[in-house]
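I opened a new notebook page for this structure. My plan is to look things up step by step and write down what I find.

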Amino acid sequence: MHDATALSIAVIGAGPTAVAALESLIHSRNIIGPDVPLDVTVFDPSPHPWCGHSFASDRPEALTNTYTSDMSVRHWQPEHVGFWLKATGNAEFAGNNFAPRSLIGQYFKESAQQAASRLGGFVFIREQVTGVAVIDDRARVHTQNGGFPFDYAILSVGRSDKFDPYGLEGQENFCIRPYPLKDALAGVDPDEHIGIIGTGLTAVDLVMALKADKHRGRITLFSRNGLLPAVRPPSLNYELQRFTVKGIEDIAAAKGGLTLEDIVHLVHEELDHACTSPEPLTEEIFPTRYGIDRLRHQLMHIDDGRKAYSILIKTLLVLQDAWYFLNPADKARAAGFRHIYCSLCCPMPRFRAAQLLGLAEAGQLDVVRGVRSMAKDASGQFVAVAADHPPLHFDRVFSAGSSGTEPDPMAIPLVNSLLRSGQGRAHPVGGLAIERTTSRLLDVHSRPQPRLYAVGTMTSGAFQVLNGYSVLRLRTGHIADAILKHHRERRDRRSRHRAEALTEDALGRRHP
Ligand SMILES: Cc1cc2nc3c(=O)[nH]c(=O)nc-3n(C[C@H](O)[C@H](O)[C@H](O)COP(=O)(O)OP(=O)(O)OC[C@H]3O[C@@H](n4cnc5c(N)ncnc54)[C@H](O)[C@@H]3O)c2cc1C
């Protein structure tokens with residue numbers, strides 16, 4: 001039964017971020033408005049709710065690329081996922097370990113169910129949202145079956161899972177979506193020569209799955225830069241002291257913005273504070289080794305002097321705020337380093353790096369950079385042309401590259417509806433413009449919209465840093481706080497007006 005006093009919230013998109021949003025709403029409600037019943041409606045037509053594109057049921061080689069402690073659905077309680085893993089007999093994956101992503105998907109599902117049972121009301125509508133508009137101070141969410149009014153709406157749609165830089169979609173033996181691995185690898189002959197577009201973590205998942213299948217043919221990974229994910233350094237118990245959101249805000253307030261030099265300076269201050277040299281980092285940021293060479297070098301040196309690198313990984317959360325304040329010219333400069341940043345801040349576990357090196361040294365695996373084109377020849381083989389390399393021939397090609405900040409095609413009508421009405425504004429660097437501290441959408445006049453919020457890929461221009469789960473779940477905390485505070489302010493204002501009216505009535509001023 002619908003509670004008319006409840007706060008009604010629409011969550012658009014039911015991926016892992018939506019689970020964190022449910023948890024954050026309950027957490028903020030308990031702190032800011034314990035008497036407020038929450039009534040949440042989630043929209044998503046996906047066949048695997050709560051898992052999104054990346055955490056659905058799959059083979060174990062589809063592995064988390066962050067420690068499982070980063071996968072907690074509670075931004076204020078990183079141990080939550082560890083408790084679940086222990087309670088379900090999966091203790092070996094807890095803490096600073098990596099887990100099959102489908103196991104974490106199961107955690108997301110169970111967490112969502114539990115969160116839903118703690119809400120005043122919960123509805124799941126398996127439909128695509130095609131538009132949102134604020135009308136008469138209500139957020140109206142549209143699907144092909146009509147409009148639904150809410151107090152607030154949160155856009156939590158992800159990014160496209162398709163990457164096809166050479167226009168190969170539809171060609172026989174070209175696989176555009178590598179997940180689920182169990183489907184992508186069905187029908188692969190063990191002697192085929194496999195080409196993999198991309199050298200990131202998805203490519204590593206594919207190689208590991210081929211290895212598990214005892215693949216005998218050659219495997220070639222290729223990309224423009226030929227940078228594999230870096231080898232993850234040992235975990236470090238260290239809390240940032242200088243490179244903090246407050247540190248960034250102070251510089252931005254004093255200087256009216258931020259430059260790339262300010263960011264580099266602050267990183268150096270942090271490393272000074274930690275009594276470590278930035279030198280090993282400089283070597284990584286301006287690489288002279290690529291592919292297997294770089295992998296070998298990193299594996300040899302991973303234990304010496306890597307404190308600076310461990311600290312860099314920790315800057316991920318704060319870098320979003322730094323990016324927000326960065327001036328446009330420096331954003332363009334920084335974008336040129338994105339492949340390096342991705343390689344360093346999405347590193348692979350050491351045991352996987354060692355397995356890759358083993359395959360390379362056995363002559364089965366290679367990494368090629370500077371690929372210019374890829375097409376099918378008359379014999380039905382794929383041919384790639386790379387700088388300083390004879391043509392490469394493949395029997396089968398997988399796309400394992402990243403679509404970057406390209407939104408989920410399903411979200412495009414929704415975004416367009418906001419742009420058309422002027423209730424959303426396109427960010428010059430991509431996605432929708434938002435207010436930094438609340439994630440409220442900015443309208444065409446740059447006014448924050450207290451009824452509309454966005455998290456994830458939709459905010460790529462504002463926050464353009466990697467969408468790791470620890471970043472996303474924290475933003476859902478900001479959104480939940482902003483919603484509950486806005487609701488409380490409005491309720492307090494209404495109560496004040498009512499009290500004033502009663503006082504005036506009692507004094508007989510309103511009815512002389
Ligand atoms: C292969 C891979 C592995 C990853 N591994 C990790 C990891 O180990 N650790 C980590 O921290 N991060 C990882 N990430 C990053 C990861 O993307 C995020 O952590 C997380 O999955 C993002 O969740 P999301 O809910 O924001 O987006 P998604 O998972 O993309 O979910 C968005 C949902 O929105 C729905 N949707 C879209 N448009 C609409 C619409 N118009 N109406 C209704 N619903 C809509 C979609 O159907 C989808 O279910 C990985 C990413 C990839 C691609």
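Into which domains is the chain divided? I found domain 1 (7-159 + 405-495), domain 2 (174-229 + 348-399) and domain 3 (245-345). The bounds come from an automatic or database domain assignment.

Before going on, I noted how to read the model. Residues are numbered from 1 along each chain as its sequence is written. The model is predicted, so local features need pLDDT of at least 70 and side-chain atom pairs count only at pLDDT 80 or more, while totals for chains, interfaces and linings use all residues.

**Entry: domains 1 and 2**

I looked up the spacing first. The C-alpha centres of domain 1 and domain 2 are 34 Å apart. I then checked the contacts, where two residues count if their C-beta atoms, placed from the backbone, lie within 7 Å. Domain 1 puts 9 residues in contact with 10 residues of domain 2. On the domain 1 side, I noted 4 nonpolar, 2 polar and 3 charged residues. For these classes, Ala, Val, Leu, Ile, Met, Phe, Trp, Tyr, Cys and Pro are nonpolar, Asp, Glu, Lys and Arg are charged, and the others, Gly among them, are polar.

**Entry: around the ligand**

Which residues come nearest to the ligand? They are Gly13, Gly15, Gly52, Gly158 and Tyr469, out of 32 residues around the ligand. A residue is near a molecule if its C-beta atom, placed from the backbone, lies within 6 Å of it. Helix H1 (16-32) and helix H17 (469-506) each give two or more residues to this shell. H1 gives the most, with 3 residues. Helices (H or I, at least four residues) and strands (E, at least two) are DSSP runs, numbered from the N terminus. By class, I noted 12 nonpolar, 17 polar and 3 charged residues in the shell.

**Entry: strand E1**

Is strand E1 buried or exposed? In E1 (residues 7-12), 6 of the 6 residues are buried, so the strand is largely enclosed by the rest of the structure. The cut-offs count other C-beta atoms, placed from the backbone, within 10 Å of a residue's own: 20 or more is buried, 12 or fewer is exposed, and in between is partly exposed. I checked both faces of E1. Leu7, Ile9 and Val11 are buried on one side, and Ser8, Ala10 and Ile12 are buried on the other.

Next I looked for the partner of E1. Strand E2 (residues 38-43) runs parallel to E1, and 6 bridges join the two. Val11 faces Val42 in E2. Strands count as paired if DSSP finds at least two bridges between them.

**Entry: the sheet E4-E5-E6**

I reminded myself that strands of a sheet pair through backbone hydrogen bonds, either parallel or antiparallel. Here 3 strands form an open sheet in the order E4-E5-E6, with antiparallel pairing. E4 and strand E6 (146-150) are at the edges with a single partner strand each, so one side of each has no neighbour in the sheet. Neighbouring strands are turned by 25 degrees against each other on average, direction ignored. Axes are lines fitted to C-alpha atoms, for helices over the stretch in contact, and angles run from 0 to 180 degrees between N-to-C directions.

How many bridges join E4 to E5? I noted 6 between strand E4 (residues 129-135) and strand E5 (residues 138-143). Val132 is opposite Val141 in E5. E4 and E5 make a hairpin with 2 residues between them, and Asp136 in the turn has a positive phi of about 50 degrees. E5 and E6 are joined by 5 bridges. His142 is opposite Gly147 in E6.

**Entry: the sheet E12-E13-E14**

This open sheet has 3 strands in the order E12-E13-E14, paired antiparallel. Its edge strands are E12 (371-376) and E14 (392-394). The twist averages 20 degrees from one strand to the next. Strand E13 (residues 382-386) pairs with E14 over 3 bridges. Val383 faces His393 in E14.

I stopped at Ala387, in the loop between E13 and E14. Ala387 counts as exposed because it has 10 C-beta neighbours inside 10 Å. Leaving aside neighbours within four places in sequence, Ala387 is in contact with Gly370 and Arg372.

**Entry: helix H11**

In helix H11 (residues 316-325), 8 of the 10 residues are buried, so the helix is largely enclosed by the rest of the structure. Among them are Trp323, Tyr324 and Phe325. The buried residues of H11 pack against helix H6 (245-255), helix H7 (260-273), helix H16 (460-463) and H17.
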